[in-house]
Amino acid sequence: MVIEIDAGSGFCFGVTTAIRKAEEELAGHGQLYCLGDIVHNGRECERLREMGLETIDHDAFSTLRDARVLFRAHGEPPSTYQRAEQQGMHLIDATCPVVLQLQRRIRTTYETHPEAQIVIYGKPGHAEVLGLVGQTEGKAHVIADISEASTLDYSRDTYLFSQTTKPLEGFRQLVDYIQQHIQAPARFESFDTICRQVANRLPGIRTFASQHDVVIFVCGLKSSNGRVLFEACLQENPRSYMVDDPSTIDSAWLEGAESVGICGATSTPTWLMEQCRERILKLQQ
């Protein structure tokens with residue numbers, strides 16, 4: 001059996017940088033708090049926990065004083081920075097540069113067009129989206145997909161942005177829909193803020209999935225990006241299976257397969273995909 005790990009899978013730049021910063025801080029200081037999971041992958045979070053990284057939520061964050069806290073790649077709203085300053089925190093800001101730029105664009109648009117409707121194409125409640133909405137003092141309108149586009153007010157000037165990890169196709173559908181429904185004299189502008197390092201993985205992973213009899217897609221169950229990429233695998237190859245741990249790989253999935261492809265999300269560590277390969281090799285013995 002041929003087993004191939006997709007060279008295009010694994011951590012994106014933003015996640016790689018956040019984890020490197022965490023490792024450097026842990027090596028130098030021994031303990032570090034992280035506001036939310038540093039990456040949507042339980043195995044990687046556990047590895048860093050063993051090094052001293054303690055994941056906390058916003059409630060726990062509000063009780064800390066003079067602590068070392070890492071902001072992960074997803075970003076935070078302005079209110080979190082204000083609270084950190086008030087509580088004397090030492091911040092290690094690992095917000096992805098792409099997300100930071102998007103936050104600034106949304107804040108500038110909100111400040112210069114206070115009466116406009118700001119729309120964010122994204123997953124409601126997602127960490128990145130909460131940070132984006134925070135740039136508008138909570139006033140931005142979040143829609144998950146085109147089925148919610150009818151809830152917008154088309155008589156107002158509208159500015160559309162996107163969570164960086166949403167699919168490009170869905171964003172384009174929204175742009176077309178809003179253009180067709182905007183009511184003059186209201187203006188509409190869209191800003192394609194999708195990260196190409198993520199978006200460009202879709203065609204690559206479709207090709208990869210089509211080249212193998214079986215696909216093992218490795219990612220954390222909380223990963224929005226992982227869900228999008230896995231669905232792309234399924235469309236190309238119905239023998240695609242999502243796992244978050246090598247132990248869950250079932251030997252029945254591999255029956256009759258001559259080639260197995262292993263791939264993952266932008267939150268999937270390479271070492272975890274390698275462990276999946278080892279698991280498959282053992283199942284074949």
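Let me start with Gln135, which is buried at a relative accessible area of 4%. Buried here means under 20% relative accessible area, exposed means over 50%, and partly exposed is in between, with a 1.4 Å probe and protein chains only. Gln135 sits in the loop between helix H6 (127-133) and strand E7 (141-143). Helices (H or I, at least four residues) and strands (E, at least two) are DSSP runs, numbered from the N terminus. Not counting residues up to four places away in sequence, Gln135 touches Glu76, Pro77, Pro78, Gln103, Ile106, Arg107 and Tyr110. Contact means heavy atoms within 4.5 Å.

Before going on, what you are looking at is a predicted model, in which local features need pLDDT of at least 70 and side-chain atom pairs count only at pLDDT 80 or more, while totals for chains, interfaces and linings use all residues. Residues are numbered from 1 along each chain as its sequence is written, and side-chain values use heavy atoms, with hydrogens and water left out.

Most residues other than glycine have a negative phi, and most peptide bonds are trans. Asp66 is another non-glycine residue with a positive phi, about 50°. Asp66 is in the loop between helix H3 (58-61) and strand E4 (68-71), and counts as exposed at 64% relative accessibility.

Then the peptide bonds. Which two residues does a cis peptide bond join? Ala184 and Pro185, with omega at about 10°. Pro185 is in the loop between H7 and strand E9 (188-190).

Is Thr164 buried or exposed? Thr164 counts as buried, at 5% relative accessibility. Leaving out residues up to four places away in sequence, its contacts are Val98, Val99, Leu102, Glu128, Thr193, Ile194 and Cys195.

Now the helix packing. Helix H1 (residues 13-29) and helix H2 (residues 42-51) have axes that come within 10 Å and cross at roughly 15°. That makes H1 roughly parallel to H2. Axes are lines fitted to C-alpha atoms, for helices over the stretch in contact, and angles run from 0 to 180 degrees between N-to-C directions. Angles under 35 degrees count as roughly parallel, over 145 as roughly antiparallel, 65 to 115 as roughly perpendicular and the rest as oblique.

On the H1 side, Ile19, Glu23 and Leu26 meet Glu44, Arg47, Leu48 and Met51 of H2. By class, this contact of H1 with H2 has four nonpolar, no polar and three charged residues. For the classes, Ala, Val, Leu, Ile, Met, Phe, Trp, Tyr, Cys and Pro count as nonpolar, Asp, Glu, Lys and Arg as charged, and the others, Gly among them, as polar.

H2 also packs against helix H11 (residues 270-283), at an angle of about 115° and with the axes 9 Å apart. Here Arg43, Glu44 and Arg47 of H2 meet Trp271, Leu272 and Gln275 of H11. The contact of H2 with H11 has two nonpolar, one polar and three charged residues.

On to the core. Which residues touch the most other members of the largest nonpolar core? Leu32, Ile38, Leu53 and Leu70 do, out of 19 residues in that core. H1, strand E2 (32-35) and H2 each supply at least two residues of this core, and the largest share, five residues, comes from H1. A nonpolar core is a set of buried Ala, Val, Leu, Ile, Met, Phe, Trp, Tyr and Cys residues joined through side-chain atoms within 4.5 Å. Setting aside neighbours within four places in sequence, Ile38 is in contact with residues including Ala18, Ile19 and Ala22, and also Cys45, Leu48, Leu53 and Leu70.

Last, helix H10 (residues 224-236), where Ala232 is found. Ala232 is buried, with a relative accessible area of 2%. Beyond four places in sequence, Ala232 is in contact with Leu202, Ile205 and Arg206. Ala232 and Arg206 are 26 residues apart along the chain, and their C-alpha atoms are separated by 6.0 Å. Leu229 is also in H10, and is buried with a relative accessible area of 1%. Leu229 touches Arg201, Leu202, Ile205, Phe217, Gly264 and Ala265, again not counting residues up to four places away in sequence.
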